[in-house]
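Here are my notes on this model. Please read them with the structure open.

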Amino acid sequence: VFYPGPLIPKDITTTHRNLSLLFRLFEPRDEAPAISLMLCDTMRLGNADSLGVRVAANAIEALLGIHAEFNVLGDTGMKAIPTSTKTLIYPAACCPDDTTLTYVAAWVRQGGHLLLTGDIAYSPQRRHDRTDRYTELIGVIWQDSLYGPTERAGKTPVETVWATDQGDVTLPLSPTVRVRPRGATLLATDANGMPLITHYAYGQGSITWCADPLEMGQDQAAIRQLYRGFLALAGATRGSLRPDVPGLHLVTTATRTGNVRVLFGRDRDSGFPSVELPMGDASLTLGVGRRSPALVAQGRDGRWLGVAGTGAITADAQAIAEIAGQAAIMALDEQDLRKSKALLVLPFAASTVTWMPGLPLAKPVILFGDVHGGNFRVQERQSVDPGPSVRLSFVRDRATLFAVLCDEAEAQRWGDHISVLMRHPERVQGY
C-alpha cells in the first residue's frame, strides 16, 4: 500500500479520506486581511504582457516569504478599495488608468498606506504622458526617464541603505526615473542625493514609493526587504513564527472558534524539524516536513484544538506528542488537546504517533478503523495500559486506518460522531 517514490510516500485514497475528515472539523469565517496586493491589469495586456505575470508572481512569492496575510485585487473595474484593506501594495504599476489612481488616492486620503514601485507615468496605451502623477501622489518632480519597463534586466543596481526602525536595510536598486523632492520625505537616496525611496503624507494616509520596479527582476531577497520595511512603516502586522525564513509559508484562516494556521515547507532538500508558532503568551512547536504541509488549530481562548505535522510537538513548553511520519491529532470534543476525552488521529503516511500528556479517561481504548458505506467501521479495538504515554502504530495492516482515542464507555458515541461527519457534515458544528 505504501510505496517508495519522490514526494508520494502514501496511499492516495486513504490520504484524501483522512484530509476530508480533517477539513470537516473546521467552520471557516470570511475575514478579509488588512493587507492587499493590487495588480495592474493593463500590465498583462498588449506589448510585453509577460511582465505583468512576472510582477504578480514575484510580489506574491515575496509576501508569502515574509509571512504576510494578504488578498489579491485587480485594479480593472473597481470603484473603491475595500474598507477592510488598511495597507496596499501596488507593484510596478507602470500604466494604470486615471480612474484607478483616482479611487486609490481617495482611499489613501481616508487613512490608507500605499506602496508604489517603478515608473507610474505611462497611460494604458503605453504613452509616457502622466508625469504629473509624481507631484500629486509621491511628492517629487519628474525630471527624466532612465529606462523603459522592458529594459530593467540590463541595468547595474546601486547599493542603497534604507535606515528603518528595525535597522539598516541594504537594497540593490536600479531607479527607472530621475526625480527631485517636492514635499516627500527621503528614506533612501543615491550618492548624489537623488530620491530612491520616499514617503509622502497624503491626507490621513501615506504613500511610499521606490524608484526601482523590483518586482520586474529576479532578486527575491530585495523585494522581501522592501516589503518588510514598508509594512513596518505602515504599522502592518505579519505572521509570527520561528524560524522566520522565506522557505516556510504561513497562511491563517479564521474559524468559528478561533483560527487555523497552515504551514508549508517549500524547500526540496530538507524540512524544518522545529517550528514555533507564538500566540500571545502561548506557543506551539512542531515539525514541518520537506515539501509538506502542517497545521495548527487554536481557539480564541488559547485552547490548542488540533495539530498536524511531524516530529516532536510541544504546547506551551509541554511535550504532547511525537510523530514518526506525518499525522494529525484533533480534539473531537473541542477541548484543549491536553484535556480532551476524544482524540482523532489521522495518519498521512505510514506513521507512529506517541501521545504523552496522559489521558483523563477511566478506561481508555483505541479504535482503529476505516469508513465503509459512509459509516465508521472498527477494525481493531485496543485497550490502553496505564502509563504516561500512548503509542499508536499505523504500519503494516493498520497502514490504511485512522484511530479514535476515547473512553471505552464513549466508544459508540464517538464512532457514531465520525459516521455523521462522513455522511452529514452539515449536522456537525466545526471549530
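1. The whole structure has zero disulfides, a disulfide being a pair of cysteine sulfur atoms within 2.5 Å. For Cys 94, the closest cysteine sulfur is that of Cys 95, at 6.2 Å, which is too far for a bond. Cys 94 is buried, at 3% relative accessible area. Cys 406 is buried too, at 0%. (Buried means under 20% relative accessible area, with a 1.4 Å probe and protein chains only.)

2. Basis. This is a predicted model, with residues numbered from 1 along each chain as its sequence is written. Local features need pLDDT of at least 70, side-chain atom pairs count only at pLDDT 80 or more, totals for chains, interfaces and linings use all residues, and side-chain values use heavy atoms, with hydrogens and water left out.

3. Helix pair. Helices α2 (residues 50-65) and α5 (residues 220-234) cross at roughly 65 degrees, their axes coming within 9 Å. Axes are lines fitted to C-alpha atoms over the stretch in contact, and angles run from 0 to 180 degrees between N-to-C directions. Helices are DSSP runs of H or I, at least four residues; strands are runs of E, at least two. From α2, the contact uses Asn 58, Ala 59, Glu 61, Ala 62, Leu 63 and Gly 65. From α5 come Gln 220, Ile 223, Arg 224 and Tyr 227. Contact means heavy atoms within 4.5 Å.

4. Arg 152. Where does Arg 152 sit? Arg 152 lies in the loop between β5 (140-145) and β6 (158-164). Arg 152 is buried, with a relative accessible area of 13%. Beyond neighbours within four places in sequence, its contacts include Tyr 147, Asp 212 and Met 216.

How values were computed: Buried means under 20% relative accessible area, exposed over 50%, partly exposed in between (1.4 Å probe, protein chains only).
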